[in-house]
Amino acid sequence: MNILCIGGGPAGLYFALLMKQQNPAHQVTVVERNRPFDTFGWGVVLSDQTLGNLRAADAPTAALIGDAFNHWDDIEVFFKGRSVRSTGHGFCGIGRKRLLNILQERCMAVGVDLVFETDVADDQTLAAQYNADLVIACDGLNSRIRTRYASTYQPDIDLRECRFVWLGTHKKLDAFTFAFEQTEHGWFQAHAYQFDADTSTFIIETPEAVWKAHGLDAMEQPEAIAFCEKLFAKYLDGNALISNATHLRGSANWIRFPRVICNTWVHRESIGGKPVPSC
Ligand SMILES: Cc1cc2nc3c(=O)[nH]c(=O)nc-3n(C[C@H](O)[C@H](O)[C@H](O)COP(=O)(O)OP(=O)(O)OC[C@H]3O[C@@H](n4cnc5c(N)ncnc54)[C@H](O)[C@@H]3O)c2cc1C
């Protein structure tokens with residue numbers, strides 16, 4: 001079978017790897033718009049249970065991921081001047097870039113074709129070009145393909161209320177940390193964890209109204225970061241907050257998460273094949 005994955009994030013790469021392993025006779029290609037080492041963001045968290053699933057699916061990949069992980073068991077919550085620490089949760093953090101590079105290497109080792117720097121404007125044209133029997137739409141949260149076939153997939157997209165920014169810091173954290181800070185306009189929450197020897201992800205989130213009341217919607221990145229550093233100073237011990245999304249301007253750094261649910265099952269008869277679930 002000729003399989004074409006559009007989008008080379010964790011989902012596309014891992015799917016391609018497992019399909020090729022399952023049957024090396026498949027021709028599997030992943031087409032990605034970025035270069036192999038291009039990403040922004042910081043660490044990604046997986047639970048011990050997820051790691052166990054990865055181990056069962058492909059032990060060599062799980063071993064490489066396990067080696068690159070920072071592991072911890074505790075969750076610590078800071079709220080209204082108190083802190084509560086609970087243990088036994090079992091999480092791992094890994095740099096998003098490292099995760100992508102591990103999956104890319106494993107794909108190449110098993111014979112998946114990786115095509116970078118190709119922004120797919122039209123999935124049908126590409127599918128014809130690759131003579132694809134199966135196209136996997138793995139082009140992320142704001143999927144162009146899902147949008148194109150919205151009348152088929154009928155996605156239920158709920159743009160959530162809060163704004164958040166993905167920052168990093170060299171403050172080392174020994175627990176999955178949730179810190180709440182109140183200002184004159186409302187609450188901010190930091191959600192932070194260490195994912196390699198000297199770096200932690202530090203995500204800051206606040207309701208849209210609070211974000212606007214502080215003028216964060218009109219601030220450029222350095223000013224907004226300075227605001228966050230001041231607000232969360234007691235958790236940072238003098239370490240800076242850092243952005244690696246320098247291509248984003250002003251309010252574009254603060255994202256609202258769309259929660260996406262696809263309600264339909266799509267029958268591939270419509271595109272000439274067997275029934276498959278859409279999401
Ligand atoms: C830039 C970024 C930074 C992140 N940072 C963090 C973080 O710091 N911490 C954390 O916990 N989680 C982070 N996440 C979230 C986490 O990585 C996601 O849950 C996970 O990436 C989802 O995997 P995915 O493969 O479904 O989608 P994605 O990772 O979004 O992958 C989709 C891929 O498709 C590619 N693509 C999209 N459209 C096209 C097109 N038309 N043509 C070709 N290629 C296309 C994109 O470039 C991307 O590589 C981040 C996600 C992104 C996208």
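Trainee: At roughly what angle do the axes of helix 3 (residues 59-68) and helix 4 cross?

Mentor: Keep in mind that we're looking at a predicted model. The axes of these two helices come within 10 Å. Their crossing angle is roughly 155°.

Trainee: Okay, are helix 3 and helix 4 roughly parallel or antiparallel?

Mentor: Angles over 145 degrees count as roughly antiparallel. Helix 3 and helix 4 cross at roughly 155°. Therefore the word for this pair is roughly antiparallel.

Trainee: And is the crossing of helix 3 and helix 4 left-handed or right-handed? Which residues of helix 4 make the contact?

Mentor: Handedness first: this crossing is right-handed. On the helix 3 side, the contact uses Pro60, Thr61, Leu64, Ile65 and Ala68. By class, the contact has seven nonpolar, one polar and two charged residues. From helix 4 come Arg98, Leu99, Ile102, Leu103 and Arg106.

Trainee: What about helix 1 and helix 4 (residues 96-110): at roughly what angle do their axes cross?

Mentor: Here the axes come within 9 Å. Helix 1 passes helix 4 in a left-handed crossing. The angle is roughly 25°.

Trainee: How many nonpolar residues are in the contact of helix 1 with helix 4?

Mentor: Helix 1 brings Pro10, Leu13, Tyr14, Ala16, Leu17, Lys20 and Gln21. They meet Leu99, Leu100, Leu103, Gln104, Arg106, Cys107 and Val110 in helix 4. Two residues of this contact are polar and two are charged, while the nonpolar count is 10.

Trainee: Last one: which elements give two or more residues to the shell around the ligand?

Mentor: The ligand is surrounded by 28 residues, and the closest are Gly7, Gly9, Ala11, Gly41 and Gly140. By class, the shell holds 12 nonpolar, 10 polar and six charged residues. The elements you want are helix 1 (10-22) and strand 3 (43-47).

Notes
Residues numbered from 1 in each chain as written. Predicted model: local features only at pLDDT ≥ 70, side-chain atom pairs only at ≥ 80, totals over all residues. Near = placed C-beta within 6 Å. Helix = DSSP H or I, 4+ residues; strand = E, 2+ residues; numbered from the N terminus. Nonpolar A, V, L, I, M, F, W, Y, C, P; charged D, E, K, R; others polar. Axes fitted to C-alpha atoms, helices over the stretch in contact; angles between N-to-C directions. Left-handed = near helix turned anticlockwise from the far one by under 90°. Contact = placed C-beta atoms within 7 Å. Parallel < 35°, antiparallel > 145°, perpendicular 65-115°, else oblique.
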